[in-house]
Amino acid sequence: MPHTDAGIVAFEAVSSFANFLCLGVKHILTGYDHLLFLFGLLLVARGFFSSLGIITSFTIAHSITLAVATLHLVQIPSRIVEPLIAASIVFVGIENLLRGDIPTARRMVAFGFGLIHGFGFASALREAGIGSGTGGILLPLFSFNLGVELGQIMVAAVALPIIWKLRENPMFIARWAPACSAAVVLLGSFWFVQRVWMT
């Protein structure tokens, strides 16, 4: 009997890990606001190491606030977090337009706003009923965050080579990159107004 019980617990733990891992991947792939924020940041990044620094800063930041919010150490209501996420998109788009091709301190921007995005991730995790299964809080938190990172890597692996290739064309840098940044500002502004109005 003890072996059977241990097997059941292990199976449930693996199942919980897989479920929250998939939830994390799904959340980032369907989290268009998070993806647009990253796109705005990476649009002006030059090369692999610049992009890696931005993504790493964003990852560290949202992992911190995802953990502290999920563990109930810090709580910020969604009615505040969601408009702030939209505002972060607007900020990045405007910075791209005003500061040109290579905005400085881009990693700090990614980190600072990544803290806000982490609270958004935590809301999704709470809605999934974290802590209700046998895995408690730590296992779903770890697997969900890992899923988010895997989703980011998947998106970056597709998007970054395209961005880098486009940036080889001076026409893209002169016209299309600003046009993309303007679109980022417009969509972020729409979400900001929508989220403020609806809350």
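Arg106 lies in helix H5, which covers residues 106-127; helices here are DSSP runs of H or I with at least four residues, strands are runs of E with at least two, and both are numbered from the N terminus. The structure is a predicted model, in which local features need pLDDT of at least 70 and side-chain atom pairs count only at pLDDT 80 or more, while totals for chains, interfaces and linings use all residues. Residues are numbered from 1 along each chain as its sequence is written, and side-chain values use heavy atoms, with hydrogens and water left out.

With a relative accessibility of 6%, Arg106 counts as buried (under 20% relative accessible area is buried, over 50% exposed and anything in between partly exposed, with a 1.4 Å probe and protein chains only). The Arg106 side chain reaches the backbone oxygen of Leu41 at 3.2 Å. Beyond the neighbours within four places in sequence, Arg106 is in contact with Gly40, Leu41, Val44, Ile54, Val92, Glu95 and Asn96, where contact means heavy atoms within 4.5 Å.

Helix H4 takes in residues 78-99, 22 residues in total, and its end-to-end C-alpha reach of 31 Å is close to the 32 Å expected at 1.5 Å a residue; the expected span is 1.5 Å times one less than the number of residues. Just after H4 comes Gly100, with a positive phi of about 80°.

Helix H3 (residues 47-70) has 24 residues, and its first and last C-alpha atoms lie 34 Å apart, close to the expected 34 Å. Within H3, Leu52 counts as partly exposed at 39% relative accessibility. Leu52 is also 9.6 Å from Ala156, C-alpha to C-alpha, although 104 residues separate the two in sequence. Thr70, likewise in H3, is buried, with a relative accessible area of 1%. Apart from neighbours within four places in sequence, Thr70 is in contact with Ala122, Leu125, Ile130, Ile137 and Leu141. H3 is followed by His72, in the loop between H3 and H4. His72 is not a glycine, yet has a positive phi of about 65°, and at 53% relative accessibility His72 counts as exposed.

Turning to the whole protein, the secondary structure comes to 7 helices and 0 strands. The C-alpha trace spans about 70 × 35 × 25 Å along its principal axes. Of the 199 residues, 42% count as buried. Among contacts with a separation of 6 or more, 84% join residues 24 or more positions apart. The accessible surface comes to about 10500 Å², and 75% of this belongs to carbon and sulfur atoms; areas come from the Shrake-Rupley method with a 1.4 Å probe, and for residues only the protein chains shown count as cover. The mean positions of the 11 positive and 9 negative charges are 13 Å apart.

Note on methods. A polar contact is a pair of N or O atoms within 3.5 Å; within protein, one must be able to donate a hydrogen and the other to accept it, and residues adjacent in sequence count only if both atoms are side-chain atoms. Lys and Arg count as positive and Asp and Glu as negative; His and the chain ends are not counted. The place of a charge is taken as NZ of Lys, CZ of Arg, CG of Asp or CD of Glu.
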